Amino acid sequence: MEASKNGTFLLSRDYMDYHAHRFEDCSQMVYADGHLAAVLPAHAVQSQIHSHQGLTYGGFVVSRGMTTPLMLDVFSVVIDDMRRRCFTAAVYKTIPHIYHRMPAEEDRYALFRANAVLYRRDLLSAIDMARRPVPQDRRRRSAAKAMRSGIDASESDDWSGYWALLETHLQGRYGVLPVHSLDEIRLLHARFPHNIRLFVATLKGALVGGAVIYETHEVAHLQYAAANSDGFALGALDHLFFHLLNDVFATKRWFDFGNSTEQQGRWLNDGLVEHKEGFGARAVAHDYYRFTV
């Protein structure tokens with residue numbers, strides 16, 4: 001992945017295979033002149049190929065030598081292979097540009113040439129850390145309240161304690177559980193200890209909030225965030241987020257607060273996106289396409 005223009009640890013086998021039993025793998029590897037040019041993490045759903053429903057983002061991971069004419073050839077080869085294997089359509093999830101180490105949107109042009117249809121657009125909220133807008137006063141006041149109350153922010157290995165808090169938060173507010181179980185996140189953290197990190201907010205040693213960060217070469221991505229009633233009342237997450245932005249990831253290229261849309265991008269959670277934008281985050285589109293083969 002480090003040799004690619006746009007790969008991250010999420011797109012590696014060590015990450016993907018934790019839930020391999022849930023998907024019929026149909027990943028593609030394409031070579032050019034004897035060298036690996038592109039990899040497509042993918043799986044099959046009946047007569048369709050998807051890139052990849054078990055991942056936050058997907059699409060072709062490409063070599064640094066990838067060019068637009070070569071990508072057109074790659075698409076042609078992959079589409080021919082899909083036809084040979086009796087697939088009729090593909091669903092393609094892009095990798096947002098903030099995760100690219102260098103420009104890598106040759107696939108967008110190839111999708112256009114393949115008559116792909118944009119059917120979903122999620123809205124990520126990301127901060128360009130070199131050009132951070134001034135945060136809202138409301139967010140700064142909330143963080144200051146947490147500090148006056150004695151809330152501390154730090155990195156932690158208390159995955160079980162945080163997962164209990166996270167599950168209670170998600171079940172109480174949304175009626176759902178985290179995408180990852182405690183055992184799964186522990187396994188992934190053990191495989192990627194420098195990429196999957198837990199930060200917590202504590203009050204007199206008691207856990208009141210926390211955030212899981214997925215750190216890639218260019219981006220610190222907020223994967224999970226939650227607080228209990230005391231944490232919400234005292235502004236624990238605002239304090240924790242400023243700690244991440246001002247201290248831990250101050251030199252990172254991007255900080256990604258994640259998605260604020262539902263219903264395939266047709267519905268925007270105004271309150272959620274307003275909170276993220278209060279820290280200086282701004283919109284990044286994450287696009288999904290369909291095309292027939």
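Colleague: Is Ser181 buried, partly exposed or exposed?

Modeller: Buried means under 20% relative accessible area and exposed over 50%, with partly exposed in between (1.4 Å probe, protein chains only). Ser181 has 32% relative accessibility, so Ser181 counts as partly exposed. This is a predicted model, in which local features need pLDDT of at least 70, side-chain atom pairs count only at pLDDT 80 or more, and totals for chains, interfaces and linings use all residues. Residues are numbered from 1 along each chain as its sequence is written, and side-chain values use heavy atoms, leaving out hydrogens and water.

Colleague: Where does Ser181 lie?

Modeller: Helices are DSSP runs (H or I, at least four residues), as are strands (E, at least two), numbered from the N terminus. Ser181 is in the loop between helix 5 (159-174) and helix 6 (182-191).

Colleague: Which residues of helix 3 are buried?

Modeller: In helix 3 (residues 106-113), they are Glu106, Asp107, Ala110 and Leu111. These cover an arc of only 140° around the axis (taken from the directions from the helix axis to the C-beta atoms), which puts them on the same side of helix 3.

Colleague: How do helix 2 and helix 3 pack?

Modeller: Axes are lines fitted to C-alpha atoms, for helices over the stretch in contact (heavy atoms within 4.5 Å), and angles run from 0 to 180 degrees between N-to-C directions. Angles under 35 degrees count as roughly parallel, over 145 as roughly antiparallel, 65 to 115 as roughly perpendicular and the rest as oblique. Here the angle is about 50°, with the axes of helix 2 and helix 3 9 Å apart; that makes helix 2 oblique to helix 3.

Colleague: Which residues meet there?

Modeller: Thr68, Met71, Leu72 and Phe75 in helix 2 meet residues of helix 3 including Tyr109 and Arg113.
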